[in-house]
Amino acid sequence: MKRIFTTLAILLATIATVQAQESDDRTIAFGQNKQNQITLEEDKINLKIAGKELSLSSNDEAIKVLKYGDSSYGSISSLGVIELGLNTLAMADYSIYSPEEATMMQFGNRKSVYVAMNFFTENFRLNKSGSLSLDMGVGVAWENYVFAGDYSMRYQGGIMRPIELNAKIEKSKLMARYLHMPVLLNWTYKEKFFVAAGVNLDVSIGSRLAQKEPKVVYKREVVTLNPIQVAGTLRLGTEDFYGFINCSFMEMFKTNTGPKGYRLSAGLGVHF
């Protein structure tokens, strides 16, 4: 809680600094009747919020931890710019389908590619040496689930049902795209390698069915994916690259609208 409050205080102080530079008044008042105040001094910030007062100095340890929470101070980020791997539907259960339909619904895992890009990452030190840190990121994850045969699926009668394609095609697939937000607790050993574990919050931002040859994308097809996914993630690596494995805690499809199963992906991530 103290770290969260301190982070907010730094944000408020940054805003206040910008405003204060535009005038001679070093006190910013806000809120009802302007009872909340931020006063800036040369190396100190004084906060008065909801009747409580707090002074923060640039020399405070809590400020240093937040300010210098990057890989140059003892920790290696567990979040690279890009991650590549394979994904599958783990613990798949096709019991709501007939045996013939269940065979048609299966994916070919060797061709099912996972790609994630982290556009923003942050690394917060949790101890003085920086060996323990909290890693957070925001990006996009793309998941391609390639059907094992010349099949696809369609939404019919409240459920995703398999269909057989009329012609020989190459790589019929289900494509899913997620807003990807990982949060991990990271332990770095002597700035040589790290082990990190945490969760991924993934929010669906698009899905479609397609085939590679002849190229067809079914943009208007309904795919009953769960809109919000929470997954566990484990990472191990160095400052150059790392291995990762992600496993969802929630089923990929909405209940009773598709096969039961959990998103599972594994691969390598790269730092630049």
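Notes on the source. The model is predicted, so I kept in mind that local features need pLDDT of at least 70 and side-chain atom pairs pLDDT 80 or more, while totals for chains, interfaces and linings use all residues. Residues are numbered from 1 along each chain as its sequence is written, and side-chain values use heavy atoms, without hydrogens and water.

Entry on salt bridges. I searched the whole structure and found 4 salt bridges (a side-chain nitrogen of Lys or Arg within 4 Å of a carboxyl oxygen of Asp or Glu). One of them joins the side chains of Glu-83 and Arg-235 at 2.7 Å, N to O. Glu-83 sits in strand E5 (residues 82–93) and Arg-235 in strand E13 (residues 228–237), so this pair ties together parts 152 residues apart in sequence. Strands here are DSSP runs of at least two residues, numbered from the N terminus.

Entry on Arg-263. I found its side chain in a salt bridge with that of Glu-143 (2.7 Å, N to O). Glu-143 lies in strand E7 (residues 132–146) and Arg-263 in strand E15 (residues 260–270), so the pair ties together parts 120 residues apart in sequence. Both residues are buried. Arg-263 also meets the side chain of Asp-202 in a salt bridge (3.0 Å, N to O). Asp-202 is in strand E11 (residues 193–213), 61 residues from Arg-263. I noted Asp-202 as buried too. Through shared partners, Glu-143, Asp-202 and Arg-263 form one network of salt bridges.

Note on methods:
Helix = DSSP H or I, 4+ residues; strand = E, 2+ residues; numbered from the N terminus. Buried < 20%, exposed > 50% of the residue type's maximum accessible area, 1.4 Å probe, protein only.
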